[in-house]
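This note collects points on the structure shown below, arranged as numbered paragraphs.

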Amino acid sequence: MHPIVRTVLQRLGLGLLTLFVVSIIIFSSLQFLPGDFATSVLGQAATPETVAAFRRELGLNEPAVTRYIQWIGGVLQGDFGSSFSGRSQGREREVMELIGPRLWNTLFLAGMTAIIAVPLALTLGITAALYRNSFYDRAVNATTLTTISFPEFFVAYILILVLATLWKVFPSLANVRESTELADRIYMTALPALTLTLVIVAHMMRMTRAAIINLLASPYIEMARLKGVSKSNVIIKHALPNAWAPIVNVIAFNLAYLVVGVVVVEVVFVYPGVGQLMVDAVTTRDIPVVQACALIFAATYILLNLFADIVSIVTNPRLLHPR
Amino acid sequence: MKSKSGDRTAGDLLLDMRDIRIDGFSDDVWHPIIKGVDLKLHRGEVMGLIGESGAGKSTLGKAAMGYAQPGCRITNGTIQFDGMDLRAMNDAQLRELHGSRIAYVAQSAAASFNPAHRLIDQCVEATVGHGLRPDDEAKTDARELFAALQLPDPDNIGERYPHQVSGGQLQRAMTAMAMSSRPDLIIFDEPTTALDVTTQVEVLAAMRDIVEQFHTAAIYITHDLAVVAQMADVIKVLRYGETVEDAPARQMLKKPEEAYTRSLWAVRSLEKPQETSEDIILRVNGVDASYGSTIKVLEDVTIDIPRGSTVAVVGESGSGKSTTARVITGLLPPMKGDVLFNDEPLPLALKDRSKDQLRRIQMIYQMADTAMNPKHTVRDIIGRPLEFYLGLSGKQLDERISELLKMIELDDSFMERLPSELSGGQKQRICIARALAADPELIICDEVTSALDQIVQEGILKLLLRLQKEFNITYLFITHDIATVKAISDQIVVMFQGRVVEQGMKNDILSPPHPDYTQLLLSSVPEMDPDWLTQLLESRGDGSGMSASGN
Amino acid sequence: MSTDDQTYSAAGEVASVAERRTWWDRTWRNLKKAPVTAWFGMIVISFYFILAVFAPLLAPYGESQIFDTPYAPWSSEFWFGTDQLGRDVLSRLIYGARNTIGIAVATTALSFLIGGSLGVMAAINRSWLDQGLSRFVDVLMAIPSLIFSLMLLSIFGSNVINLIIIIAVLDATRVFRLARAVSLNVVVMDYVEASRLRGESLAWVMRRDILPNILPPMVAEFGLRFCFVFLTIASLSFLGVGIQPPTADWGSMVRENAQLISFAEYDMKAAMTPLLPAGAIALLTVAVNFVVDWFLHKTSGIRDEK
């Protein structure tokens, strides 16, 4: 087998294994629930019979392994069980029903941010590295160092203050609906996307700059300069083929970070996404929803990192051309 | 057979550097690295630029291209190359010269080739990029250069990637790269320093021939005088950024003017009369060892070390000489065989040895920098074994530390210093004192002088010899440097690929007849004689091969 | 040859040797050379420190003292107005410094205690312990920490102790990685081997050889981890699942007063109220980042020199 295929398969296997272990951790969190939990979900009026029925439904009487297999089997078919909330009134809903439309909203917000942030950050980072120690570099550096220190909600509220209340350019609430037209949707999502962009660009730019500077310090880059290779060719022919791995790693790392940043921003802008749902579920201790959200976020995070690793493997000349 | 120098006619002046001053930036200030150096080079002439670490030779070499490496700036002087003023040129004009008329060969070929491109593409890049030749013509020429540089399979080796060929081959490919544009001047920046001694000979010969063939001028930068003797027509000695001496190679080797120049081969003039003893202090007995895997790093290694004498273990990288030391110290318990100390078997693993057993065998390392905790003072470093093994404390401890400092020719003023406040030679002396503090019977010296400048090496070797006489200490001396071996050893063990090739008294090993490998190893060590390489190649070339060249 | 003997002496050997200075002297020299940003950072940090320590003396009113008018405007009586329940915003800001920073420092310290000691042990041991811990940490790090802490808080409930333990354990994974990596760099040094060959105990090697040499990067990391922990706790409190009322805390204060922002047209000062605690958080993280940036530059500069 070609070593590239072997390494990629190994990495994929490791990724799957990680996902598996993470799913076990998320599942077993249910074990730690306090004993009186059923009562708090079903309300004070619950009879011992309904509590027993609820426990049976959760499968708390069966062995953990059986329950895990049932749970993960359901998850693989898109079934996360039913939500705790509304149980006391007997109006329970499927978790998937709650998450489905919100997942799409979150992906829309993250996607919109990524489309703006990735090219912007790479351009800033690469130019700052090329003109290292120039005024431009120092200015960008100081600005981003400040920006990464800001909590997301601070950036969000400053933007709301300036762009939504003082000058009414964008709406301060991003409560999109399924029926919202694309143009309106983009308009309403502008502020949350801008907030996330500011935070992400700062991180991504700094990491890109560091990666490129590290690359440009390689002896083969100095060798290329001493061969009289033109400035643009040093970058295009000598730096770029070796830059894919570090750059893709930076992008993946920051998109994974985006997954987390989305939670706070969704709450600020009352944006109906998975993050907001998860926070609500945490406050009401709606465990099946929390588990589903956590699994979705973790899986995204793991898959992004897996993707970055695979790109570094397939662009590594030492693996591409084995001895 | 072409002979290297003498019959080469010096052409017109090619490079004229005057009063060059270069500053380097570190610790937030600019400070001078090159302090007003002149350099003249004629067409077709090879200049050896020699000096110890920190002399600024590499910086000066790059300055000859009009290039200041990152963190450096040229502050003064003129650089005339073929009548053009390089310092007055802008970047684009310099780029026109680089890779076309001036080429550069770097020390670490492995790091200086781009891992993402094929060798041949990198070799012709500058030639094609500067429009000197079309691509196919340049590649045909590169293949011929590969052949001339005696690379294996010259027609196809260019299709490989850098990580697919060996270090010596890469260094030759880099010479081909430099030669591709037929430059007027090549800067060789320590091109053979990273290579093993047997590989170095072949690469040197290839470089010398090709430079001669195309009548290219070259600046050859190295710290090894014997290497430069083979390559250069003229030699320039640098120290602390200043010229010490300029002279034609033969003249300088025969009659150096300056004391500093003479000190550069200080170690080569040391020689210890050999002694022996019947009393074996340590015996490594039929040892096999490996690092976890099934590949044996040592195979059936047996070494006897007589009391009070110095046994030198020589070999190239990968010969297993350092692994042998790890087996003796217990860091790497062997798979088979044992280690007898004073006729008693030592426990194989470090953790099973008693404090007293540990005390009797001490070790001194190659890099004194990393062998001392940078946060401990000299007092802590020397005092610890005294406390730990001998239970000294208070006034007794201070007195003993003071005595030890005297033994290594330092005084009490060093007591409170940190390692970073010591020079290279002083650091190694402190390490010797630390070993001595344990009152050991055997000291393992692992390449203890190879990181030091020549004159400091000499001082350290003399100190070791004196201490041996005073305290009847036994040394196991691991080294790859034959000059050091001659200077210090009584017995020699030659190792190759994890096996002992030969063990015996120094004079027996160093005089013929030799087993094949010993012959190859010994004959590959460059000598000060400028005709050494020529004669060696002749003797290797004439079939009978293994005659005693140079002896 | 004998002429060389006379010209050479070990004690007089010339070298580019650093001058000897005392610790205070060195520190002062470094401080004098510190850039403006670092000075700014240090002054801000000291200011916050004083606020946190002397909060009861500095605050005009009590932490949860309630007055008649909720959302009172800025005035000489209530400098920054009152919040939705009628509590003085300035007093809560000052107490918030104590609570928010105190909890973040405690969490970071706990995380370093766990992650640091395990990391160093893993680096020395390098066998089953290292393997086991490293794999475990890999898995924990595969879940984004904010998500993981949200999940754990939903299960164990939100209170200060749970918050500190959960965040500290999750953050300890990062500390573990760094401590292990920097210790590995030290463990491979010859002087550690020399100590082992001497027969020194593991405790001695850890305390005398490893600890002093991993301290500079770990101090810098403490600053960075503190910022991260501080922001995570502030975010959780902002989301309503971190520090719980009535404890004054900057993250919750932003959440409680957020609505005021929409009144910017009518009362600009009131609209600034939620930005005050948010700004206080931002200012401290900026300050710490500036100091760490300078510190890293300083220590890496020393490494370059060598």
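1. The model is predicted. Its surface carries a nonpolar patch of about 560 Å², formed by A:Ile158, A:Val162, A:Leu166, A:Trp167, A:Val169, C:Met268 and C:Met272. Two helices each supply at least two residues of this patch, namely α7 (152–166) of chain A and α12 (268–272) of chain C. The greatest contribution comes from α7(A), which gives three residues.

2. A:Val162 is situated in helix α7 of chain A. The relative accessible area of A:Val162 is 31%, and patch members need over 30%.

3. Contact here involves 42 residues from chain C and 43 residues from chain A. The two chains bury about 3700 Å² between them, and 82% of this area lies on carbon and sulfur atoms. On the chain C side, C:Ile147, C:Met151 and C:Ile155 lose the most area to chain A, together accounting for 16% of what that side buries.

4. The interface of chain C and chain B is described in like terms. Here 30 residues of chain C contact 46 residues of chain B. About 3300 Å² is buried between chain C and chain B, with 53% of it on carbon and sulfur atoms. How many salt bridges does the rule find across the interface of chain C and chain B? The rule finds two. Elsewhere in the description of these chains, a salt bridge links the side chains of B:Arg384 and C:Glu200, with an N to O distance of 2.6 Å.

5. Chain B contains an open sheet of four strands in the order β2-β1-β4-β5, with antiparallel pairing. Its edge strands are β2 (29–42) and β5 (84–85), each of which pairs on one side only. Strand β1 (residues 13–26) of chain B is joined to β2(B) by 11 bridges in the antiparallel sense. Along this pairing, B:Asp16 stands opposite B:Lys40, and B:Asp23 stands opposite B:Pro32. Strand β1(B) also runs antiparallel to β4 (residues 72–81) of chain B, to which eight bridges join it. In that pairing, B:Met17 has B:Ile79 as its bridge partner.

6. A further strand of chain B, β18 (residues 474–479), is mostly covered: six of its six residues are buried. Both of its faces are covered, with B:Thr474, B:Leu476 and B:Ile478 buried on one side and B:Tyr475, B:Phe477 and B:Thr479 buried on the other. Strand β13 (residues 310–314) of chain B pairs with β18(B) in the parallel sense over five bridges. The bridge partner of B:Val313 in β18(B) is B:Ile478. Strand β17 (residues 442–446) of chain B likewise runs parallel to β18(B) and is joined to it by five bridges. For B:Cys445, the bridge partner in β18(B) is B:Phe477.

7. In chain A, is A:Val289 buried or exposed? The residue belongs to helix α12 (residues 287–314) of chain A. Its relative accessible area is 1%, so A:Val289 is buried, the limit being under 20%. Apart from neighbours within four places in sequence, A:Val289 contacts A:Ser83, A:Val95, A:Leu98, A:Leu277 and A:Ala281. The C-alpha atom of A:Val289 is separated by 21 Å from that of A:Thr18, which is 271 residues apart from it along the chain.

8. In chain C, where is C:Gly86 placed? C:Gly86 sits in the loop between α4 (55–58) and α5 (89–125) of chain C. With a relative accessible area of 0%, C:Gly86 is buried. Neighbours within four places in sequence left aside, C:Gly86 is in contact with C:Gln65, C:Ile66, C:Phe67, C:Thr69 and C:Pro70. The C-alpha atoms of C:Gly86 and C:Ser64 are 9.3 Å apart, with 22 residues of separation along the chain.

Technical notes:
Residues are numbered from 1 along each chain as its sequence is written. Chains are lettered from A and ligands numbered from 1 in the order in which they are written. This is a predicted model: local features need pLDDT of at least 70, side-chain atom pairs count only at pLDDT 80 or more; totals for chains, interfaces and linings use all residues. Side-chain values use heavy atoms; hydrogens and water are left out. Patches are made of residues with over 30% relative accessible area and no salt bridge: like charges are joined within 9 Å, nonpolar side chains (Val, Leu, Ile, Met, Phe, Trp, Tyr) within 5 Å. Accessible areas come from the Shrake-Rupley method with a 1.4 Å probe; for residues, only the protein chains shown count as cover. A salt bridge is a side-chain nitrogen of Lys or Arg within 4 Å of a carboxyl oxygen of Asp or Glu. Buried means under 20% relative accessible area, exposed over 50%, partly exposed in between (1.4 Å probe, protein chains only). Two strands pair if DSSP finds at least two bridges between them. Contact means heavy atoms within 4.5 Å. Buried area is the accessible area (1.4 Å probe) that two parts lose on being put together, summed over both.
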